[in-house]
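Please load the model in a viewer and keep the sequence panel open. The tour below goes from selection to selection.

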Amino acid sequence: MTLPVAAPASEQEAAEFVRDCAAGRKTLRIEGGGTRAGFGRPVEADAILSTRALTGVTLYEPAELVISARAGTPLSEIEVAIGANNQMLPFEPMDHRALYGSAGEPTIGAVAACGVSGPRRIQQGAARDHLLGVRLVNGRGEIVQSGGRVMKNVTGLDLVKLSCGAHGTLGLLSEVTFKLRPKAERTGTLAINGLDDARAIAALSAALGSPFEVSGAAHLPAGLIGANACTLLRIENFADSVAYRLGELAKPLERFGPSRRLEDMESLPLWRDIRDAAPLSSPRRDAIWRISVAPTRGPQVVASLQKSLSFRHFYDWGGGLVWVACAAIDDAGAAVIRAATKQFGGHATLVRAPDDLRALIDVFEPQASALMQIARGLKASFDPAGVFNPGRMYV
Amino acid sequence: MTHIAFPLPDPSILSRRDAIVIGLQAILPNECVISSENERRAYETDALTAYRRMPLAVVLPRTTEEVSAVLKFCSQEGVKVVPRGAGTSLSGGAIPQEDAIVVGVSKMNRILEVDYANRLARVQTGVTNLSITDAVMPDGFFYAPDPSSQLACTIAGNIAMNSGGAHCLKYGVTINNVLGVRMVLIDGTIVDIGGDALDPAGLDLLGLVVGSEGQLGIVTEATVRLLRAAEGARPVLFGFDSSEDAGGCVAAVIGAGIVPVAMEFMDKPAIEICEAFAHAGYPLDVEAMLIIEVEGSETEMATQLGKIIDIAKAHGVRVVKESRSAMETAQIWKGRKSAFGATGRVADYICMDGTVPTSQLVRVLARTGEIVKSYGLRVANVFHAGDGNMHPLILYNVNDPAEQAKAEAAGNDILRLCVDAGGCLTGEHGVGIEKRDLMRHQFSEVDLHQQMRVRAVFDPDWLLNPAKVFPLEGRVQ
C-alpha cells in the first residue's frame with residue numbers, strides 16, 4: 001500500500017501538520033533519504049512525513065569548526081562543503097546503503113536521528129558527541145530547540161543527546177548542528193595477518209593502550225575477505241607523525257607477528273567497507289546483528305555464540321563492536337545472542353532482517369523494567385499522542 | 001539581602017524535622033546522619049559562597065543501597081533532597097534549602113576496578129576527579145576531564161555538571177568520557193544506564209543524565225574511560241599587546257587545521273594575580289597571554305609548535321616562552337588552575353561561565369570590560385579560548401550588599417551578551433541557582449516546558465534539587 005507523503009517546506013509548516021495529525025490521531029513515519037528505512041522495527045503509520053523539502057546548510061563557520069543544516073540536506077552536500085576546507089564529520093558516519101541495498105541519498109538528519117558512527121568512534125567519539133544542537137518538532141507540534149552551536153554547553157537538560165539515536169520516536173529533527181574536525185593530512189594502516197580472534201583483540205587492545213592515537217582498530221577473521229585473518233590499525237595525523245607512529249606502534253605488536261603497512265589504495269576502501277559492514281552485506285537474505293560489548297569480551301561473545309549458531313562475523317572498535325551475519329530463519333539467533341549479551345554485558349541490535357522478523361523480535365536490546373518505564377515516559381513527554389514512528393524503538 | 005530567590009521553606013516539613021531525622025537514623029548508622037547545627041553548617045553553601053541555607057539534615061550514605069533507602073524514605077515523606085559531591089559548584093548547584101536534606105556521596109570514594117585492556121575504570125562517585133588520574137598515571141593512563149577544582153571535586157559533581165577543563169578542547173568533557181552510571185531514582189529504584197560498551201542500548205539516557213544537575217537521580221557509581229597519555233606534553237606561553245591579537249591567533253590556529261590540547265587565555269589582571277600566586281614565569285608586560293599546549297613525541301611537538309609560532313607571529317606575538325622541564329610545565333598549569341583561588345586572595349569574585357562562538361571572543365571580551373566598568377567594578381578574564389568558554393571574574397566586596405548587587409547585575413548582562421552572540425549561559429559550571437532566572441533568555445517557554453516534562457519523568461514531585469536550573473515560577477510536571 002502506498003502511503004500519502006507530506007513534505008513540509010518549513011519547520012512551521014511541519015509543526016502545523018504534526019498538530020493536525022496529533023489532533024486527528026494520525027500516525028507518521030518519518031523519512032529522510034530512505035536509505036536506512038530498514039533500521040528499527042517496521043513502522044505502520046497513516047502517512048509519511050518526509051524531510052526532502054527541509055534542505056540547505058544554514059550556517060557554516062570553518063574557523064569555528066561548526067556546521068548547521070536542515071534535516072533533509074543530503075550528507076553528500078555537507079561533505080562537499082566541509083571537504084572544501086579540509087574538514088570532516090569526525091565520527092565517520094556509516095553509510096547503510098551497502099547493507100540494505102537501498103538507493104537514494106543519506107541525509108544529515110538521519111545521521112543524527114539514528115546516531116550513526118563508524119570506526120573512528122573509538123578515538124574521536126560518536127555522532128552524539130559531536131551533535132551540538134538540534135531543532136525539532138515534537139509530537140505536540142511545537143518547535144523545540146536544545147543545545148546550540150558552541151562546543152561547550154551545559155545549559156538546561158540535554159535534549160540533544162537524547163534525540164540522537166532516538167530514531168525519530170521523540171520528534172522530527174528539523175535542523176541539526178555538528179562539530180567538525182580538520183581532516184588529517186595523512187592516513188596510515190598497519191596490518192597483521194593470521195591471528196585468531198582472541199589474539200587479534202589482544203593486539204588491538206595493546207595498540208589502543210599506546211600513546212599513538214589509533215583511530216581505527218578492526219579484525220576480519222579468516223575467510224571473510226580473504227583466506228587469511230587480517231587485523232587492522234589506523235593512524236591519522238600529519239604526514240611525518242603517521243610515519244613515525246606506525247613505526248613506534250609496530251614495536252609492541254611484534255609479539256603478535258610481523259606487521260606490514262598498507263598503501264592508501266588498499267587501506268582506504270577497506271576502512272570504508274568496515275565502516276559500512278560491507279564484508280557481511282551479501283547474501284542479502286542473511287540477518288545482520290550489531291553487538292556492543294567491552295572490547296575484550298567481543299571474542300568471548302563470539303566463542304559462546306559458536307556453540308549453537310552458524311554465522312560470519314568481524315570486529316570493529318577494538319573488539320567492542322561485533323558485526324554478526326546469520327540466517328534469517330526462526331528468531332535469527334536472537335535468543336542465543338541475547339543470552340550472550342546477558343552473560344558478557346553489552347547489547348545487541350538487529351540491524352537487518354525481513355520486516356516480518358523485525359516485527360516479531362526486539363530489534364533493540366530489551367531494557368530493565370525501570371528503564372523501559374523511563375523510555376515510555378520520555379516518549380509521552382515529547383509525543384503524547386504517539387504520532388511519530390510508532391513501534392520503531394520500544395514504544 | 002541578596003537577589004537570587006529561594007523558595008519559602010515548607011512549614012509542614014520544618015515542623016517534622018525531629019521525626020525526619022529519627023527516620024533517617026533508622027536507615028543509616030549514626031555517624032552517617034548529621035543533625036547538629038554546628039556540623040550542618042559545613043554544608044550550608046558551596047563555592048557560590050554569597051548564598052547559604054542551613055539544611056534540615058545531612059546524610060552521608062556508604063553504599064548505593066543506603067542511598068536508595070534514603071531516597072525512598074524522602075520520597076515517601078515528601079522531603080526534598082539536595083545531592084552533594086564536594087561542594088565546589090560555582091553556580092550554587094549544591095546549596096541546600098531549609099526544608100531539604102543533603103545527600104552527600106563523600107563516603108563512597110573507592111575506585112572499584114581499573115581495566116587497562118578495555119581502557120576503563122569503575123568508581124564510586126565520591127572519588128575526586130584527580131584521584132582517578134593519580135591511580136592510573138603510573139601506568140601511563142589518565143582520566144581526561146580536568147576542571148580546575150580537580151583536587152577536590154568529585155566525579156558525582158562532574159557528572160551532575162558535565163564538567164570540562166583546560167584539556168577538553170582535545171579530549172572532550174565529562175559526557176564524552178563516561179560510559180555508564182549506576183543511579184538511584186527518587187523512589188529508591190536503582191538503575192544501570194550504559195555500561196562498558198561504547199554506545200547506548202536504547203535511548204541515550206546517559207547523555208541526558210550527565211549534566212542534569214542532580215535533578216534526575218543520584219549517581220553512585222560510574223564507569224569512566226581511561227586514555228593513554230601522550231608521549232610528551234608541552235605548554236607554551238604567548239604574550240600579546242592586545243586581546244584582539246590573542247583572540248585572532250586562537251581563531252587562526254583552529255582555522256589552520258590545528259587542534260591543540262589546550263588553548264587558554266588570560267588578560268593582564270588575571271596574569272598579574274596568577275603570577276603573584278604561582279610564580280609560573282608568566283610575562284607581566286603584555287596585555288593578554290595564551291597558554292597553548294601540544295602533545296606527542298619531541299619531534300612532533302617541535303613541528304606543531306613551529307606551525308603555531310608562525311601563526312602567532314603573524315598576529316603580532318611579542319613573547320614566546322616554551323616550558324623546558326616537567327617542573328616548568330607543572331608551574332604553568334598551577335598558575336592557570338589556581339586562577340580562581342588566587343583571585344580569591346585579592347578580592348571576592350563571581351565567576352561567569354558563558355560560552356560564545358570563537359569568532360565572537362574578541363568582541364565579547366571587549367564588551368565584557370565595558371559592562372563591568374560601567375558598574376564601577378573590575379574584571380579579570382581567564383578562560384578556555386579554544387572552545388569559546390569564557391570565565392570573567394568580577395571582583396567585588398562580599399560585605400558590601402550594593403556592590404554584590406552590582407556584580408550580579410554585571411554578570412547577568414555578560415551572560416545575556418553571550419547568548420545574544422550565539423552562545424549559551426554556561427559551558428561547564430551548570431545553571432544551579434546562579435543562572436536559573438536567566439534561562440528564559442536562552443530558551444523559549446516551549447523549550448523549557450519540554451525540558452521540565454522530561455525532568456518530571458524522573459522526579460514527578462520535584463523533590464530532587466528543586467530550586468535549581470528552572471525558574472521558580474511556571475513549573476510543569
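What follows is a list of stops, each with a selection and what is found there.

**Before selecting**

This is a predicted model, in which local features need pLDDT of at least 70 and side-chain atom pairs count only at pLDDT 80 or more, while totals for chains, interfaces and linings use all residues. Residues are numbered from 1 along each chain as its sequence is written, and chains are lettered from A and ligands numbered from 1 in the order in which they are written.

Colour by pLDDT, the predictor's confidence in each residue, from 0 to 100. Chain B has an average of 95, and 100% of its residues score at least 70. For the complex, the predictor gives an ipTM of 0.97 and a pTM of 0.97.

**Stop 1: the domains of chain A**

Select chain A and colour three ranges: domain 1 (1–183 + 367–395), domain 2 (186–275) and domain 3 (278–360). These bounds come from an automatic or database domain assignment.

Now keep domain 2 and domain 3 of chain A, whose C-alpha centres are 23 Å apart. Each side puts residues into the contact: 15 from domain 2 of chain A and 15 from domain 3 of chain A. Two residues are in contact if their C-beta atoms, placed from the backbone, lie within 7 Å.

Which elements of domain 2 of chain A give two or more residues to the side that touches domain 3 of chain A? They are helix 8 (197–208), strand 12 (214–220) and helix 10 (264–275) of chain A. Helices (H or I, at least four residues) and strands (E, at least two) are DSSP runs, numbered from the N terminus. Helix 8 of chain A gives the most to this side, with six residues.

By class, this side of domain 2 of chain A has eleven nonpolar, two polar and two charged residues. Here Ala, Val, Leu, Ile, Met, Phe, Trp, Tyr, Cys and Pro count as nonpolar, Asp, Glu, Lys and Arg as charged, and the others, Gly among them, as polar.

**Stop 2: backbone exceptions in chain A**

Most residues other than glycine have a negative phi, and most peptide bonds are trans.

Select the loop between helix 10 and strand 15 (287–292) of chain A, where P283(A) lies. The peptide bond from S282(A) to P283(A) is cis, with omega near 5 degrees. A277(A) is found in the loop between helix 10 and strand 15 of chain A too, and its phi is positive, near 55 degrees. A277(A) is buried, with 24 other C-beta atoms within 10 Å. The classes are buried (20 or more other C-beta atoms within 10 Å of a residue's own), exposed (12 or fewer) and partly exposed (in between), with C-beta atoms placed from the backbone.

Move to L65(A), in the loop between strand 4 (57–61) and strand 5 (66–70) of chain A. L65(A) is not a glycine, yet its phi is positive, about 60 degrees. L65(A) counts as buried because it has 23 C-beta neighbours inside 10 Å.

**Stop 3: where the chains meet**

Show both chains. The contact takes 71 residues from chain B and 69 residues from chain A. On the side of chain B, helix 17 (445–458) is among the elements that give two or more residues, and helix 17 of chain B supplies the largest share, nine residues. That side of chain B divides into 29 nonpolar, 30 polar and twelve charged residues.

**Stop 4: G296(B)**

Finish at G296(B), in the loop between strand 14 (288–295) and helix 11 of chain B. Buried or exposed, what is G296(B)? G296(B) is buried, with 24 other C-beta atoms within 10 Å. Leaving aside neighbours within four places in sequence, G296(B) is in contact with S241(A), A230(B), E231(B), G232(B), M301(B) and Q304(B).
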